[in-house]
Amino acid sequence: MSNRPDPLPDFRIFLAVAAIGFQTLLATFPAQAAKPETNGKPSHETSADVIVYGSTPGGFCAAIAAAREGASVILLEPTDHVGGLNTGGLSHCDSNQMVRSTLMGLFDEWHTRIVKDYTDRGLPAPYNPAKKDQSRWTFEPHVAMRVTMQMLDEAGVTVQTKRALQSVTKGGLRITSLSTANKVFTAKVFVDGTYEGDLMAAAGVDWTIGREGREEYGESLAGKQTPKPRMNINGFDDQGKPLPLITATDIGDENVGDKNVMTYSFRLCLTKEADNRVPMPKPTNYDPARFEIVRRAIQAGETRIGFDLYPLPGNKLDGNNSIGGQFSIGLIGGGNDWHAADEAGRKEIWEAHKQYTLEFYHFLTTDPAVPKSMRERYAKLGLCKDEFASHDHFSPALYVRESRRMKGQYVISQKDILETPEKEDPIAISSFPIDSHDCQRIALPGGGVVNEGTIFPVRRTNPKQGYAYHVPYRSILPRKEQCDNLLVPVALSCTHVGISSLRIEGAWMAIGQGAGVAAALAADADLPVQDLAYKKLRKRLLMQGQVLQLPEVPEPATQSESIDKNSLPGIVLDDSQAKRTGHWSRSTNFKPHIGTGYLYCGEKDSRAKGDGNTTATFDFRVPKPGRYQVLMAYSAHESRSKNVPLTISSGDEQVSFHVDQTIPMPSGKHFRSIGTVALSAETETIIRITNADTSGFVILDAVQLLPVEAGATTE
């Protein structure tokens, strides 16, 4: 049976939605009586070798791949919008943080055709897909839609929209049919291409929602995460009730998981061009009181308010929720019930996200508390007249970053991404950083507000990209005793930390292609998908251009390349013990290191000075008072900062050092001495490292303290 979550507290967002059903609804939410549309194929077709439910990037690539293997394919989309985020506003391709040489096949073809669409019209190429670097690849939504529909049509895929799932019929372990309004569809093999795992859940396949605890899969990035600085503001009104936009008042045990998902938002297609600009719609029933907490943050000096803007062709901009922002266009907590809601419930949640987006924009452009320069900057923006015309120019696709995740034959976790990337049955390579947006906004009873759940990108530094790892075939397979003719390439089997890396369109396109090939082969051989010979699948994947060989780059550290802090003398404070604020990332590039890696912040060759908001703090007590030698472990390099501030407070004494991290460790040593300090055993010692006034990278691996009277030197 499916693992349904317990009802969530209603303090998250003032939504009340039904927790039944599996329909997906985006865009304008046409009535059930609306006539289903197709891509020119007869709408009466109800049987095929392969049926793909959900036209997300993983779904439409699965459909194309299966059709190219000779299968008859029907692609059913529950809404009137085909393509998910690929055609729904996400127009700055996030593959700039991936190993693009591993993303070939349909992903590469899709992007090559995007560029050809421009050049065939005499326009400059927006990017060069043959150059597999870290440059930004950007395009306009209507071009992405045109290319997507062309590829589906050329492959012979029958596309039917407005086909929301109502029920599934099974015969033993096999799905025999799925029902939508007035139609029953049959196939040999089914593919769940939805962001939400709707078909999977309806078929009785086990799934989970939310976040695991740190112990469940041994993931240091699981549980609660609070890398953003606490805002020194009161999150309660005069009656002691949480202000609007607060979702919780207690962070709870940081090691324990919960049912929260990362924030949903829209990807807005915007422009400043007067000839193509449509004014942003005014929100209905705007209540300025909803943004009281944002006013308090601004008055307290908070500047990380607004949303990210990426330049696009056609003098347009892609507006995205800011992962580093304290208040942005993501409605924190608003998507927690999305997976379980029926058609009406999803419509209500979708509208709540749109309402919030319009209200937040209205606040940014009209509220006196917002600095004038910020009001004027956002006021220049509007929707694009030549995009999403049938949806009043507003994005039809809600950015469902995370929803249900299958509990299948193999669960991809943090270890698979960072430690053991190679698998015996790969169908794709993923390499987006582990990267999660906020899951909660917590008003602390003792004062302060903190956004919780962000995982800032865990990636390599040179080049700046995530770690490449195999996506095994087993991770898209349900357990055979639950269903034997279903593949799940989008809501695949992984942890929350895993989906934080897998949740990107480039990865889903590659995984979807793998699922489509497997579906066609299993349908042709009339085999359970779990019994398909991997050797045969691999051969056909390679024939379709899929890359299955991990790239030749330094692999994450193994146990022999790390140093156990417990094997070292004195007090050793590893980076994993620090309380952090700001934009820290994790790496294992430089070896050896203390523990499982090290933290870094900053940018290579950046002339901008650090703002001091990125901090790491250790609180501890020494076993006995006295003078201690302070040593620091870091990976020395010319790209490092020469003046990393380190402050030590103990009792009445406070000492500050500035560490030049371009200076290498002494020969044969793992730490470099930076000075001595007198420490009290009666009070806590606090060591604080910041990015204040730094240029280049700030590295935090470990800090060591050795009692001077024990013979420690000060070399």
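Which residues are buried in helix 5? In helix 5, the buried residues are I293, V294, R295, R296, A297 and I298. Buried here means under 20% relative accessible area, exposed means over 50%, and partly exposed lies in between, with a 1.4 Å probe and protein chains only.

## Basis of the model

This is a predicted model, in which local features need pLDDT of at least 70 and side-chain atom pairs count only at pLDDT 80 or more, while totals for chains, interfaces and linings use all residues. Residues are numbered from 1 along each chain as its sequence is written, and side-chain values use heavy atoms, with hydrogens and water left out.

Helix 5 spans residues 292–299 and is mostly covered, with 6 of its 8 residues buried. Helices (H or I, at least four residues) and strands (E, at least two) are DSSP runs, numbered from the N terminus. The buried residues of helix 5 pack against helix 6 (343–366), strand 20 (440–443) and strand 21 (449–452). Just after helix 5, G301 adopts a positive phi of about 100°.

I233 is located in the loop between strand 9 (207–208) and strand 10 (265–266). Its relative accessible area is 7%, so I233 is buried. Not counting residues up to four places away in sequence, I233 touches I293, R296, A297, A300, G447, G448 and V449; contact means heavy atoms within 4.5 Å. I233 and V191 are 42 residues apart along the chain, and their C-alpha atoms are separated by 48 Å.

Helix 1 covers residues 57–68, and its 12 residues should span 16 Å at 1.5 Å a residue; the end C-alpha atoms are 16 Å apart, which agrees. The expected span is 1.5 Å times one less than the number of residues in the helix. Helix 1 is mostly covered, since 11 of its 12 residues are buried. Those buried are P57, G58, G59, F60, C61, A62, A63, I64, A65, A66 and A67.

The partners of these buried residues are strand 1 (47–53), strand 2, helix 2, helix 3, strand 8 (183–192) and helix 10 (505–525). Just after helix 1, G70 has a positive phi of about 100°.

## V73 in strand 2

V73 belongs to strand 2, residues 73–76. With 4% relative accessibility, V73 counts as buried. Leaving aside residues up to four places away in sequence, V73 touches A48, V50, V52, A63, A66, A67, G156, V157 and T158. The C-alpha atoms of V73 and K535 are separated by 24 Å, and the two residues are 462 residues apart along the chain.

## The packing of helices 2 and 3

Helix 2 (residues 105–120) and helix 3 (residues 141–155) pack at an angle of about 120°, and their axes are 9 Å apart. Axes are lines fitted to C-alpha atoms, for helices over the stretch in contact, and angles run from 0 to 180 degrees between N-to-C directions. The two helices are therefore oblique to each other; angles under 35 degrees count as roughly parallel, over 145 as roughly antiparallel, 65 to 115 as roughly perpendicular, and the rest as oblique.

Helix 2 contributes L106, E109, W110, R113, I114, D117 and Y118 to the contact, and helix 3 contributes V143, A144, R146, V147, T148, Q150, M151 and E154.

## N320 in strand 14

N320 lies in strand 14, residues 316–320. Its relative accessible area is 7%, which makes N320 buried. Not counting residues up to four places away in sequence, N320 touches S265, R267, F307, D308, Y310, S328, I329, Y399 and R401.

## Backbone features in loops

Most residues other than glycine have a negative phi, and most peptide bonds are trans. N182, although not a glycine, has a positive phi of about 65°. N182 is found in the loop between strand 7 (174–180) and strand 8, and N182 is exposed, with a relative accessible area of 79%. D392 is likewise not a glycine and has a positive phi of about 55°. D392 lies in the loop between strand 15 (382–384) and strand 16 (398–399), and D392 is exposed at a relative accessible area of 57%.

K591 and P592 are joined by a cis peptide bond, with omega of about -5°. P592 is in the loop between strand 28 (585–587) and strand 29 (593–594).
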